[in-house]
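Try each task on your own before you read the solution.

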Amino acid sequence: MAFTDLLEGNARYSARFTEKGVPGRAARGVAVVTCMDSRLDPLAMLDLKVGDAKVLRTAGGRVTPDVLTALVVGVHLLGVTRIMVIAHTRCAMASGDDTQIAGAIEAADGTNVHGMRIGATTDQLTALHFDVDQLRSNPLISAETAGFMYDVDTGAITQVN
């Protein structure tokens, strides 16, 4: 079975599980929007624990319509008062624009995703500023919002706006 190793891992995790009763609200009042890159461990890189934050992950850490919806819910119902949008170095979504990434996908396995909004850009800082500005100007988002860059080689986070 394709998931046997993961279910075995979950059995080990469940046997030592200690998070029973943790509330669903963000105990530290923070939501983190970041990339789905497997090198990023959002809770660990901010010294947070389960229950402290809402974590939303997308390709490139972009603020998509689904992320915006989740943030509105987080701000109004789940205790979010601060939003961190975190891009990172050596991101695959910064290696080209949507057309180039779609071309790479097609070259990899023949799947045609041309026309899909991927959110890729070689100008990460401009995209990060755009996403943060989008949140700051949204009347449904009252949380303090800022953009950050995470260095995958050092673990350091720098505020960029």
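## Exercise 1: Around Cys91

Setting aside residues up to four places away in sequence, Cys91 touches Cys35, Gly60 and Gln124. Keep in mind as you look that this is a predicted model.

**Task.** Find where Cys91 sits, and decide whether Cys91 is buried or exposed.

**Solution.** 
- Step 1: Go to the loop between S3 and helix H4 (98-109), and you'll find Cys91 there.
- Step 2: Check the relative accessible area of Cys91, which is 8%.
- Step 3: Buried means under 20%, so Cys91 is buried.

## Exercise 2: A set from the record

**Task.** Which residues does UniProt list for "binding site", and how far apart do they get in space?

**Solution.** 
- Step 1: Look up the unreviewed UniProt entry, which lists Cys35, Asp37, His88 and Cys91 under "binding site".
- Step 2: Compare sequence with space: these residues are spread over 57 residues of sequence, yet they cluster, with a largest C-alpha distance of 9.0 Å.
- Step 3: Now turn to the largest cavity, where Cys91 from this set is part of the lining.

## Exercise 3: Asp37 and its surroundings

**Task.** Place Asp37 in the chain, then work out what Asp37 is in contact with.

**Solution.** 
- Step 1: Asp37 belongs to the loop between strand S1 (30-35) and helix H2 (42-45).
- Step 2: The relative accessible area of Asp37 is 14%, so this residue counts as buried.
- Step 3: Skip the neighbours within four places in sequence, and Asp37 is in contact with Arg57 and His88.

## Exercise 4: Strand S4 and its partners

**Solution.** 
- Step 1: Start with strand S3 (residues 82-88), which pairs with S4 in the parallel sense over seven bridges. Within S4, Gly147 is the residue opposite Val85.
- Step 2: Move on to strand S5 (residues 157-159), which runs antiparallel to S4 and is joined to it by three bridges. Here Phe148 has Gln159 in S5 as its bridge partner.
- Step 3: Look at the hairpin of S4 and S5, with six residues between the strands; Gly155 takes a positive phi near 85° in this hairpin.
- Step 4: Finish with burial. Six of the seven residues of S4 (residues 144-150) are buried, so the strand is largely enclosed by the rest of the structure.

## Exercise 5: An aromatic pair

**Task.** The structure holds one aromatic pair.

**Solution.** 
- Step 1: The ring centres of Tyr13 and Phe17 lie 5.6 Å apart.
- Step 2: Their planes stand at 65°, and planes over 60 degrees apart count as edge-to-face, so this pair is edge-to-face.
- Step 3: For accessibility, Tyr13 comes in at 41% and Phe17 at 42%; Tyr13 is partly exposed, and Phe17 is partly exposed too.

## Exercise 6: Pro23 and Asp52

**Task.** How far apart are Pro23 and Asp52 in sequence and in space?

**Solution.** 
- Step 1: Pro23 is in the loop between helix H1 (4-15) and S1, while Asp52 is in the loop between H2 and strand S2 (53-58).
- Step 2: They are 29 residues apart in sequence, and 9.4 Å apart from C-alpha to C-alpha.
- Step 3: Pro23 is exposed at 58% relative accessible area, whereas Asp52 is buried at 4%.

Terms used
Residues numbered from 1 in each chain as written. Predicted model: local features only at pLDDT ≥ 70, side-chain atom pairs only at ≥ 80, totals over all residues. Heavy atoms only, no water. Buried < 20%, exposed > 50% of the residue type's maximum accessible area, 1.4 Å probe, protein only. Helix = DSSP H or I, 4+ residues; strand = E, 2+ residues; numbered from the N terminus. Pairing = 2+ DSSP bridges. UniProt positions renumbered as here; feature names shortened; annotations may be inferred. 1 Å grid on protein atoms, 1.4 Å probe; cavity = no way out; pocket = protein on both sides within 12 Å on 5 of 7 lines; lining within 4 Å. Contact = heavy atoms within 4.5 Å. Phe/Tyr/Trp six-rings, centres within 6.5 Å; stacked < 30°, edge-to-face > 60°.
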